[in-house]
Amino acid sequence: MRTIFLLAAAGAALALSGCGKGDGEKTDGVASGTPIAPVEAPAGTRWSETVAATPAGGFVMGNPNAPLKLVEYASFTCSHCKEFAEGADEPLRAKYVDTGKVSYEFRHFVRDPLDVAASLIARCGGKDPFFPMTAQLFGNQNAMFEKVQGGGDAAYQAAMSAPPAQRLVKLAELAGLIDFAKARGIADTQARTCLADTGQAEALVKANDAAVKEFNVSATPTLILNGKVLESAATWPALDTALREAGA
């Protein structure tokens with residue numbers, strides 16, 4: 001049976017993760033290395049403009065052969081993820097990704113139905129607008145919460161009681177996410193089609209299991225560098241230090 005469409009108002013089946021520092025086993029990250037030489041992007045481009053979908057269900061920007069591969073598991077309904085995104089987005093691109101030394105992959109770790117709806121909106125335009133949409137969705141987090149809370153419990157319950165393919169559509173309407181997407185070039189019908197894609201929603205939920213199994217992810221944001229979970233790196237100053245110590 002499909003997990004996401006059996007959820008009650010609390011989203012119990014997704015309430016496996018927290019927002020903030022997790023309790024799982026972690027490592028201090030990769031060992032310090034010799035300084036890495038920058039790599040030029042293809043003529044007329046920047047490495048941060050090179051974006052691809054990944055087998056893990058995320059999106060990666062940067063040099064495909066970058067020696068340092070950074071992965072973030074994040075949630076659109078996590079306040080710590082919002083704070084991290086606001087601090088790291090610009091310097092991570094300019095200081096590390098655009099040098100060709102570091103690639104950066106965003107992977108969803110969904111915490112609740114609203115997070116799933118926002119994730120589907122982020123992915124709706126495909127790979128090229130994904131990272132700008134992601135940054136703007138984090139910027140819209142408080143407004144999204146306010147709209148849902150302003151609608152009241154009855155409106156939320158009505159959305160979650162809709163037919164399966166319409167539940168996230170109704171929730172997105174309540175949260176203002178369809179209007180948000182339209183203002184950024186995604187047509188109303190396209191946004192609704194993405195939100196009604198039950199297979200994509202299920203894939204997002206199932207990806208949580210893979211994250212827990214492979215990296216013991218229990219909280220967001222979780223940052224991984226070259227396959228090793230970074231301890232206490234969920235702020236830009238801490239991540240900046242970890243990347244410099246790794247040679248970037």
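**Cavity, disulfides and aromatic pairs**

In this predicted model, the lining of the largest cavity comprises 11 nonpolar residues, one polar residue and three charged residues. A search of the whole structure finds one cavity of 30 Å³ or more. About 160 Å³ of space lies inside the largest cavity. Its lining is made of 15 residues, and the closest to the centre are Glu72, Ala85, Asp89, Tyr104 and Thr134. Three elements, α1, β5 (102-108) and α3, each supply at least two lining residues. Helix α1 gives the most, with seven residues.

Cysteines were examined next. A disulfide is a covalent bond between the sulfur atoms of two cysteines. The whole structure holds two disulfides. When the bonded cysteines are numbered in sequence order, the pairing reads 1-2, 3-4.

Cys19 lies in strand β1 (residues 18-19), while Cys78 sits in the loop between β4 (68-74) and α1 (79-96). The pair therefore ties together parts that are 59 residues apart in sequence. Cys19 counts as partly exposed, because its relative accessibility is 24%. Cys78 has 0% relative accessibility and so counts as buried.

The other link joins Cys124 to Cys194, at an S to S distance of 2.1 Å. This disulfide is right-handed, with 80 degrees about the S-S bond. It connects distant parts of the chain, 70 residues apart. Cys124 is in the loop between α2 (113-123) and α3 (130-139), and Cys194 is in helix α7 (residues 188-195). Cys124 has a relative accessible area of 10%, so Cys124 is buried. Cys194 is buried too, at 18%; the cut-off for buried is under 20%.

What of Cys81? Cys81 is in no disulfide. The nearest cysteine sulfur belongs to Cys78 and is 3.3 Å away. Cys81 is buried, with a relative accessible area of 0%.

Aromatic rings were then considered. The structure holds 10 aromatic pairs. One of them is formed by Tyr73 and Phe109. This pair is edge-to-face, with 6.4 Å centre to centre and 85 degrees between the planes. Tyr73 is in strand β4 and Phe109 is in the loop between β5 and α2. The two residues are 36 residues apart, and the pair links distant parts of the chain. Both Tyr73 and Phe109 are buried.

Phe76 and Phe138 form a tilted pair. Their ring centres are 4.9 Å apart, with 45 degrees between the planes. Again, distant parts of the chain are linked: Phe76 is in the loop between β4 and α1, Phe138 is in helix α3, and they are 62 residues apart. Phe76 has a relative accessible area of 1% and is therefore buried. Phe138 is buried as well, at 2%.

Ring pairs also build a cluster. It contains Phe59, Phe76, Tyr104, Phe106, Phe130, Phe131 and Phe138. Tyr104 is also among the residues closest to the centre of the largest cavity. Finally, a charged residue was found over a ring. Arg184 lies over the face of Phe180, at 3.7 Å from the ring centre.

Methods
Residues numbered from 1 in each chain as written. Predicted model: local features only at pLDDT ≥ 70, side-chain atom pairs only at ≥ 80, totals over all residues. Heavy atoms only, no water. Disulfide = S-S within 2.5 Å. Helix = DSSP H or I, 4+ residues; strand = E, 2+ residues; numbered from the N terminus. Buried < 20%, exposed > 50% of the residue type's maximum accessible area, 1.4 Å probe, protein only. 1 Å grid on protein atoms, 1.4 Å probe; cavity = no way out; pocket = protein on both sides within 12 Å on 5 of 7 lines; lining within 4 Å. Points joined across faces, edges and corners; volume = space filled by probe spheres on them. Nonpolar A, V, L, I, M, F, W, Y, C, P; charged D, E, K, R; others polar. Phe/Tyr/Trp six-rings, centres within 6.5 Å; stacked < 30°, edge-to-face > 60°. Lys NZ or Arg CZ within 6 Å of the ring centre and 35° of its normal.
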